[in-house]
Amino acid sequence: MGKETMTPIKHKKQLVLGLAAITFGFVFSGIGGSAKADQSTQANFVNSGSTFTDTANNLQWTSHLADATNSSDVSLNGGYDYQNRSAVNVKNGPTNLMYDLSIKNTASVAVSGVFQLDMNEADDSNGYKGAIVRYGSADHTKGFDGISNYVTSSTGISDLTQTFGLPSDSLTDYPTVGYARTLDSLTAADKEDVARTQLKFTAQPGATLDISFPVNATAGANLIQADEVATAPIEDFTTIIGSMTNNQAGTSTPMANDNSFNHDLSLAAYNITAITTKQNNATVQVGDTINAATFGADPTDAKIGTVTDANGNTVTNPTAQAGTYKVQLTRAGYLPTTVTLTVNNAPANNGGGSSSTTTGTSTSTGTTTGTSDVTTSTSPDTVVSGQTVANKGRAIYAMKGLYMYKKATFTTSGREYHYAKQVRTKRPMFIVDGYAKSSNGTLRYRVHDYYKKSRKGYITANSSYTRLAYYFSIPKSKAVSVITAGGVNSYKNSSLSGKTVKHYKKGTVLKVKKVVKYKLASRFELTNGRYVSGNKRFVMFK
């Protein structure tokens, strides 16, 4: 585990990633940790990598970072696989951490060891890219009162000393510079910028040494997102180098090199304070399904937490009845966000027309012909760039779960709203406002939400995901079945207005004479001369 001599350590400039598989309060793909609230006293490490155990035959050692106020919020031990990365939350400025070091002499002879920690791996032109780590607590009151105060366990250890180095100290002139500053020589200004520390000691056979000394982290030139620790460019990380050399005590004979020379950490910085939502208020109907996407948050991250009614009582199903509710959105590692949910009674299932006020009828070529509200023309589709899609102004619904995006070129960051896959009677509906193409030529619908008209954006035009929400033809059986739980009403006119003639319960089979178009929707004219909605969420071909 040693080096060939006890002369200056040649720090590796390549990234020997270690210490980095660090626990965090939420789970990503390939990134895990225990759930904890995002508090000012908590570091909230994020990890990508795996733990490492030193199996050297002489001085075995491991090290990790830990939150100064939560010893269970720690990094995993480092290794050499070049895959371990970590990031630390610096939301409140300097974040107090502890550097925990454990050493054990497994050799049969006494060993003289030198441990060095270099936290000054900076980009030559732009300064620190990842987190900036400095020795001592953020207020500089801890760490400079003698290393013996930070020894948590020691057996068979003697001659323990500590020295320091600043970023300006040259490693080329080691040992006279680099790590050569004594505690007494440090000025107040020096203590704010200590970037290196060195420990020397003698370890008898079987000796152990556990030390936990303070360090602090702040943001460097770049901040990453908390869920980018596995994918962010390596330039967004700072390399923190931990290294160990050892000789047989009382001699200049180096111990055998067991390839455990460096245990290094690649550390980035991120900043989170709370869940981000697109809106703090949402309105739904009784019976609707809600999730984080109802408020514009990502439902794969945030979840619905505690819900209370207007009287402060906790409720388990806020859409069971009309009212106003306070909803907590939770995500492990984040502060909860409280939003307001208004639940209205659902209108009668009369299948009224589209919310659009357009009265023209669209032909298959997309041109407008006439102004009659009632017609037997069935032209719901058009062809755009060789693809058959719903005509502008038509209502469509989502067959599968999908996102609404800001732009026609879909990106993760451009997601505005998420719509979960629903049973047929609750599928989300949209009005087609137009069309657009992505940067690679894929056709998109430009739409607004049928019920929440302020929600506007782009969704896929792939027929596997979106289809017409209304029927514009009649089945060969000339019969439809009522499928919605609330049933449907029949009326004397195709506007489905005025007095209800008859209500049909779920499961009722209705005989159909023809389909007529009303504005941008459709109606089935029954053989008894009455009209019901042609909405596919209400009725189904028999």
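**Aromatic rings**

I started with a cluster: ring pairs link Trp61, Tyr99, Phe115, Tyr135, Phe144, Phe164 and Phe213. I counted rings of Phe, Tyr and Trp (its six-membered ring) as a pair if their centres lie within 6.5 Å; planes under 30 degrees apart are stacked, over 60 edge-to-face, the rest tilted. This is a predicted model: local features need pLDDT of at least 70, side-chain atom pairs count only at pLDDT 80 or more, and totals for chains, interfaces and linings use all residues. Residues are numbered from 1 along each chain as its sequence is written, and side-chain values use heavy atoms, without hydrogens and water.

How many aromatic pairs does the structure hold? I find 15. One of them is Tyr99 with Phe213, stacked at 5.3 Å centre to centre, with 20 degrees between the planes. Tyr99 is in strand β6 (residues 95-105) and Phe213 in strand β10 (residues 196-218), so this pair ties together parts 114 residues apart in sequence. Strands here are DSSP runs (E, at least two residues), numbered from the N terminus.

Next I checked burial (buried is under 20% relative accessible area, exposed over 50%, partly exposed in between; 1.4 Å probe, protein chains only). Tyr99 is buried at 2%. Phe213 is buried too, at 0%.

I then looked at Tyr405 and Phe410. Their ring centres are 3.9 Å apart and their planes at 10 degrees, so the pair is stacked. Tyr405 is buried at 10%, whereas Phe410 is partly exposed at 24%.

Last, charges over rings (NZ of Lys or CZ of Arg within 6 Å of the ring centre and within 35 degrees of the ring normal). Arg427 lies over the face of Tyr397, 5.0 Å from the ring centre. Lys536 has its charged end over the ring of Tyr471, at 5.3 Å from the centre.

Technical notes. Helix = DSSP H or I, 4+ residues; strand = E, 2+ residues; numbered from the N terminus.
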